[in-house]
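Here are my notes on the model you sent over. Have it open while you read, and work through the points in order.

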Amino acid sequence: MSIVTVQLGQCGNQIGFEVFDALFIDSHCPQRLSSKRENEAYQASCKERFFSEEENGVPIARAVLVDMEPKVINQTLSKAAQSGRWKYGQHSSFCQKQGSGNNWAYGYSVHGPRHEESIRNLIQKEVEKCDSLSGFFIIMSMAGGTGSGLGAFVTQNLQDQYSNSLKMNQIIWPYGTGEVIVQNYNSILTLSHLYRSSDALLVHENDAVHKICAKLMNIKQISFSDINQVLAHQLGSVFQPTYSAEGSFHYRRNPLGDLMENLVPHPEFKMLGVRNIPQMSENSLAYSTFTWAGLLKHLRQMLISNAKMEEGIDWQIRPPLPGLPSLSKMSLNKELHFNTSIANLLILRGKDVHSADLGKQKLRAYVHQYTKFGIEEEDFLDSFALLEQVVASYCTL
Amino acid sequence: MWIPGASLLTKFLLPSPLLVMANPFTEYYIVETQPGSNSLLIRVVGDGGSISKGKICSLKARAVLIDMEEGVVNEILQGPLRDVFDSKQLITDISGSGNNWAVGHKVFGSRYQEEILEKLRKSAEHCDCLQCFFVIHSMGGGTGSGLGTYLLKVLEDEFPEVYRFVTSVYPSGEDDVITSPYNSILAMKELNEHADCVLPIDNQSLFDIISKIDLVVNSGKLGTTIKPKSLVTSSAGTFKKWQEKPFDAMNNIVANLLLSLTSSARFEGSLNMDLNEISMNLVPFPQLHYLVSSLTPLYTLADVNVPPRRLDQMFSDAFSKDHQLIRADPKHSLYLACALMVRGNVQISDLRRNIERLKPSLQFVSWNQEGWKTSLCSVPPVGHSHSLLALANNTCVKPTFVELRERFLRLYKKKAHLHHYLQIEGMEESCFTEAESSLSALIREYNQLDATKSMPVEDLPRLSVAV
C-alpha cells in the first residue's frame, strides 16, 4: 500500500526531500547483510510505498509539493533531479509568488480557499497513481505562514475528501527562541485545527534535533540541512517496511494503519514522538559494536526519562553507546510510542507557548495582522480552549 | 523576454540629495544580479543580452523617479546608469518646492496625481506579482517630504494590499534648512497613518560611519589594506575620494541597507524571509512601525594574513551604536522585536549561539521576551563572506521624535515662517496642530511601553476548562 506525501512550505519541502533521499538510499544500500531475496523483497516493498515507476527507470516520489513562493520548490526539484537516483514528478508541484508572510491567517483564509481546487487536483492525480492508498503523510512546520496555515487548511480538506484514509501530520515545533516572532500564535492555531482534522500528529522539536546534532553527531557548525537529515533518518525508520506476522519476506502492508491502530487508541490522544537509536555520525562506524539487548535497554531508558537521545540522561550517566550509523536496515531500532512523555512535552512547551501567547493576547499584540485576514479574537480563544482541553486530558492519564 | 519575478518592488525615488541614491542602489543591485536570478528590482527588456558589466542596457529598474527640479534627475540620466532608468518613468518640474512641505504636498500633489498614478499602474503591470513599494525620501525638504508623503496616501488607496516601506532621512540638529522641523512634523503625521513600516535614518550617523572607515583606511597601520569592493560606502569597484562627494558615500550605505533587506527575497537560503514578514513580525501595533537598522561589517580587510573577523564579532557589532543608521540607544531602551537577516556562509547554530550570547544584555518587553526573527540567505554581498542586517523595533526612537517636536514647537510658538505655508491653498493652522498631536500620541505610546520596563513579568493564569 502506498503513502502520498504532501510537503508544505519551506520547512516541509526541505525535510521532504531529505526523507525521500534517506528512504531511497537506505533501500538501495550496498551492504549485503542479508540474503538477496530478502533485500529484493524489502526494496520492492519500500519502493511501492513511496515511489512510482517511470519509463527510464528513475523512480518518482509519490509527493505533492506546495509552497507560496517558488525558490524552495525550485531548489528541491532540481536537487532531486540532479541526484539521478530519484526525482519528483514534473507536474506535482504547486507554487505561487507572494509567500504567506509568516501569517497563519493568510495561509488559512486566503491561500487555502484560493488554491483549494488546484491543490486538490494535484493530490488526486497522485492518489490515482497508487494501487491502494494507505494514507497521507503531511510535512509542515508550525511557525511559519504556509506550512502552518495552508497546512491546516489542506489537512481539513483531506479530511473531507478522503475521509476513509488516514492522515499523519509531521509537525515541526520551532526553536524556543529566535525563529519567528509570531510562532506562538501560529503554533496554537495550527495545533488546535490539526487536532480536529488529523489522525495522528508526529512532533519533532528543532531544539531537540539540534541537540542531537551537537552532542551525538559532533557537527561543529550545524546547518538546517544537518538537522533535516537527522529528522529524515528518524522518519525513515518510522516508515520503513517491517515484518508482518507471516515471517520473513513478507512485509506489513498497511504502514499507517498499523501505526495508528497501536498508537492512537483514543482520538483524544493523538500526539506521537519518536525515539531513535542509534544516532551517530558515519565516522564512528569503525569504532563501534553493539548488541541488540544493549540497544533495547537504552531505548527503554530514553523513554522512561523522556530523553531524546542516549546521552545526557539525567538519572544515569553512561559512556556514549556506540552503534552502527544510519544506513543498515538490520540495526535500526525505533520505537514509536505514545506515553506520558509526549504529554509532558505538550504540557511544558504548551505552557511556554501559552503564557507567551496570553501575554501578547492580553495586549492584543500582532492581532491586527491576523484580523486583517479574517481570524478574530474568538478564533484565538477557541484554539486556546481546545488545547487546554487536550492538556487536561493528558494530565489526567 | 521577462525573467519571471517572484515578487516585485517598485522604488519611488524622491529628491536631492537622496535621488542620487538611485545610482549606488542600482549599481550594487546589478552587480548582485546573476543571469536568471530573481528579478525583484530590475526587469529585463529586449532579448536579455548578457548581464555583465558592459551591457546593462537590457535591464530596467522598476522605479519611478520624481523631483520637482531637474538637476539631480538629469545627472542620473547622464551617468553610467542612464540606460537602467526608463525615461518614461520620470516626473519632473522646474521650479522646485522651496523646502516647503505644503507646496510639495498640496500643490504638486494635486497637480501630478494623475500622472503619478498612470506611471505607477504601468510599472505594476510589468510585474507578475507586486509585493511592496519602497519609498525613499527625506523629511526635511519640500518635495521628498511633501510630495513623498502625498504619494503614500495615493499608494494606499490605489494598491491597498501592497506593503509600503519607507526609508526616511531625518534632519539632524545642524540641518541647514530652517523650516525642516515643520516639514518633518507634517510628514510624520502622514507616515504614522499611511506607511506600513519606516526605516528612519539620519545624515549624522551616516557621516560618522564614513569617518570611522576613513580612520581605518588612513591610519597607515600595517596590513590594513581594505578590499575596495567591500566598503559599504564605495560604488561597485572604485574607492572614490569621499571628501569630494560625501553624499555618494553616505547614500551607498543606505543602498546596502536596502540590498540586505531584500536579499532573502531575491536569493535562496535555508531560512527565507520575505518583505511581508518584516511587517508581520516587527510591528506588534500598527502605529509603532519605526525600525532602527544597523549594518555590519562596514569593510573587509584585504590582507589574507589577517584572519577574517570572527563571526561572533559581526553579531556584537550589529548591536553597537557605531553601526546604526540612526542615532539612538537601543541597549538602554526597550526592545519590542528584533530581526536578524544574515547573508553568507552562516549556519543556524552560529545564529542561535549569538542570540543566546547577546540576549542577556538586551531588554525585551515582557510579553515578547523571545521576540527574535531570523533569516539565513546563502548569498553574501559583493566583497564579503558574510554580513548581517539588524532591524529593531525599539523605544529608543522616542528621543529623536521628542527632539523633533521641541524644534517644531520653538518655531511654531513664534509663528516663524508660517506664512509661507498658510498662503498655500488647503493649508490651515489646524494642519500643524493635528500633526503635532499625532506625534505626541506616538510619543505617549512609547512612554507607556517604557514604563513597563522594570516591571516583573506577570504570570498569567491559564484558561480553565471543564474536563
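1. Let's start with Arg164(B), which lies in strand S7 of chain B. (Helices, H or I of at least four residues, and strands, E of at least two, are DSSP runs numbered from the N terminus.) Arg164(B) counts as buried, at 3% relative accessibility; buried means under 20% relative accessible area, exposed over 50%, and partly exposed in between, with a 1.4 Å probe and protein chains only.

2. Before going further, some housekeeping: this is a predicted model, where local features need pLDDT of at least 70 and side-chain atom pairs count only at pLDDT 80 or more, while totals for chains, interfaces and linings use all residues. Residues are numbered from 1 along each chain as its sequence is written, chains are lettered from A and ligands numbered from 1 in the order in which they are written, and side-chain values use heavy atoms, with hydrogens and water left out.

3. What does the side chain of Arg164(B) have beside it? A polar atom of that side chain lies 2.6 Å from the backbone oxygen of His194(B). Leaving aside neighbours within four places in sequence, Arg164(B) is in contact (heavy atoms within 4.5 Å) with several residues, including Phe133(B), Leu152(B), Glu156(B), Phe159(B), His194(B) and Cys197(B).

4. Now follow strand S7 (residues 163–170) of chain B across to S8(B): the two run parallel and are joined by six bridges. (Strands pair if DSSP finds at least two bridges between them.) Thr167(B) stands opposite Leu199(B) in S8(B).

5. Is strand S8 of chain B buried or exposed? Six of the six residues of S8 (residues 197–202) are buried, so the strand is largely enclosed by the rest of the structure. Cys197(B), Leu199(B) and Ile201(B) point one way, and Val198(B), Pro200(B) and Asp202(B) the other. In a regular strand the side chains alternate between the two faces of the sheet.

6. Helix H8 (residues 275–282) of chain B is worth a look too: eight of its eight residues are buried, so it is largely enclosed by the rest of the structure. Among them are Glu277(B), Asn276(B) and Asn281(B).

7. On to the rings: there are 33 aromatic pairs over all chains. (Rings of Phe, Tyr and Trp, its six-membered ring, pair if their centres lie within 6.5 Å; planes under 30 degrees apart count as stacked, over 60 as edge-to-face and the rest as tilted.) Phe20(A) and Tyr88(A) are edge-to-face, 6.0 Å centre to centre with 85° between the planes. Phe20(A) lies in helix H1 (residues 9–27) of chain A and Tyr88(A) in strand S5 (residues 87–88) of chain A, so the pair ties together parts 68 residues apart in sequence. Phe20(A) is buried at 1% relative accessible area, and Tyr88(A) is buried at 5%.

8. Tyr335(B) and Phe364(B) are both buried.

9. Last, a charge over a ring (NZ of Lys or CZ of Arg within 6 Å of the ring centre and within 35 degrees of the ring normal): Arg352(B) lies over the face of Tyr175(A), at 3.9 Å from the ring centre.

Methods
Polar contact = N/O pair within 3.5 Å; in protein donor to acceptor, adjacent residues only side chain to side chain.
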